[in-house]
Amino acid sequence: MTAVLERPSPARTLRRGAARVLLDNWTGTATVPSRTLYPHQWSWDSAFIAIGLRHLSARRAQRELESLLTAQWADGRIPHIVFNPAQPYDAYFPSPDFWRSSTAGRPSGAPAAPETSGIVQPPVHALAAWLVHQADPAESDRRGFLARVRPRLAAWHDYLLTRRDLGGGGLAAVVHPWEPGMDNSPCWDGPLRPLTPADPDSYRRADLDHGQAADRPTDLDYGRYVRLATDYRATGYDDRATDHAFAVEDPCFNALLIASERALAAMARHLGGSGAEHEKRAQTLTDRLVERLWDEEAGLFRALDLVAGGLIEERGVTGLVPLLVPGLPAGIARRLADTVAGPHFRAPGTGLVPSYDLSGHAFDPQRYWRGPAWFNTAWLVHQGLRIHGHHAQADELRRSFLAEAGRSGFAEYVDPTTGAGRGARNFSWTAALTLDLLA
Ligand code: 9WN
């Protein structure tokens, strides 16, 4: 009898490829977003990575989040980068000797070690921790995972809801374009315009050693990023003492805070409490999000500029992410799902969600957060479509995600009109969220 060799199914091949990326990018305690471009641990990357890693090893996924939390500051903030001391300083800019967390950050409670950045990223961690727990509750309970991480995650949210309520309206503000995680989105062009960039001779961009200049933020963007970070550092990263030149209420950031508050409620219930306080907070935050950031006419959420005052008249993918808030009024959820399917955000070539309005004046299909489609935001929108019962639309987005993630070699982002990969390849959250959608 002739042996018939079975061909692996496309899903199996994709799963294997994604798992390989995560294994290769694991450092022993955490996962780097990319071996070349980002050789340290990033905050919201680790949360997305843990969501995928849980399908390979629940224990490793727990460690991913635990290692991030060991770098938490005494004021509750989770820094956006935790530096790997084994990497040379010039592997990434801004490096530890720029942020100087262990000295400049001491007044705000930065740890003596490890070295970290001084800013934050979107709070998707409690949501990730709850999903990681659910992957293997027995192993989680055995290791006391939730009991250990919950107080730290609660302190993180407290920081955001107190020190970062810069607008006084009950939402958390970001103080640097790296904080919403969508660095050069056209949404930040207006707020950044008045800023004087830092002297270009005062630093060297390591990102251009590994990335194409046309895919990355411009030198002018970097000058402003450095200016803002330097000014924040000069205050000892003290939010109360700082007169921020950039302060924005971002829809994605606050939507993830709401989803994570609900996750904290679920954790509290699992650990024998009521979770009522977190549920209440989630509801209040949802009300504030709608009151302050919803734009009925545009059919999406806008970012609010706290310095100049007023909603920012740009359509960014950040404004679609609140779809994942379960308690959103039904009419708003419906409008958002329509906007995702509409001409501003349904990319004709790929079916993915671009980072910025396809017909917007600043749309650029190549350059980072100014048009390319990213896989973490597609995953978030996909979750939102499911939560609100738009299953056919969610299925379609899932298919597009898996096709383009595989075809691009797990690219950091892709041209939304052609699917051509841009930025880094073998990018960890693209691989991790592929595993999650295949599970
Ligand atoms: C600055 C790591 C990070 C992501 C961000 C993405 C990019 C950094 C950079 O890479 O930002 O934090 O150097 O451009 O914009 O979302 O977390 O993957």
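Helices here are DSSP runs of H or I with at least four residues, strands are runs of E with at least two, and both are numbered from the N terminus. UniProt, in an unreviewed entry, gives residues 38–430 the feature "domain: Mannosylglycerate hydrolase MGH1-like glycoside hydrolase"; its positions follow the numbering used here, feature names are shortened, and such annotations may be inferred rather than shown by experiment.

This is a predicted model, in which local features need pLDDT of at least 70 and side-chain atom pairs count only at pLDDT 80 or more, while totals for chains, interfaces and linings use all residues. Residues are numbered from 1 along each chain as its sequence is written.

The chain as a whole has 16 helices and 9 strands. Among the contacts with a separation of 6 or more, 71% join residues 24 or more positions apart, where a contact means that the C-beta atoms, placed from the backbone, lie within 7 Å.

Towards the end of the chain, helix α16 (residues 428–438) is mostly covered, with 8 of its 11 residues buried. Those residues, among them W429 and L433, pack against α1 (10–24), α2 (43–53), α14 (375–387) and α15 (391–407).

A110 is found between α5 (101–104) and α6 (125–135), and A110 counts as buried because it has 28 C-beta neighbours inside 10 Å. Leaving aside residues up to four places away in sequence, A110 touches W73, S101, S102, G105 and T116. A110 and R77 are 33 residues apart in sequence, and their C-alpha atoms are 8.9 Å apart in space.

Finally, the ligand is surrounded by P33, Y38, W42, W44, D45, H80, W178, G181, D183 and D207, each counted if its C-beta atom, placed from the backbone, lies within 6 Å of the molecule. This shell divides into 5 nonpolar, 2 polar and 3 charged residues.

Definitions and conventions:
Two residues are in contact if their C-beta atoms, placed from the backbone, lie within 7 Å. A residue is buried if 20 or more other C-beta atoms lie within 10 Å of its own, exposed if 12 or fewer, and partly exposed in between; C-beta atoms are placed from the backbone. Ala, Val, Leu, Ile, Met, Phe, Trp, Tyr, Cys and Pro count as nonpolar, Asp, Glu, Lys and Arg as charged, and the others, Gly among them, as polar.
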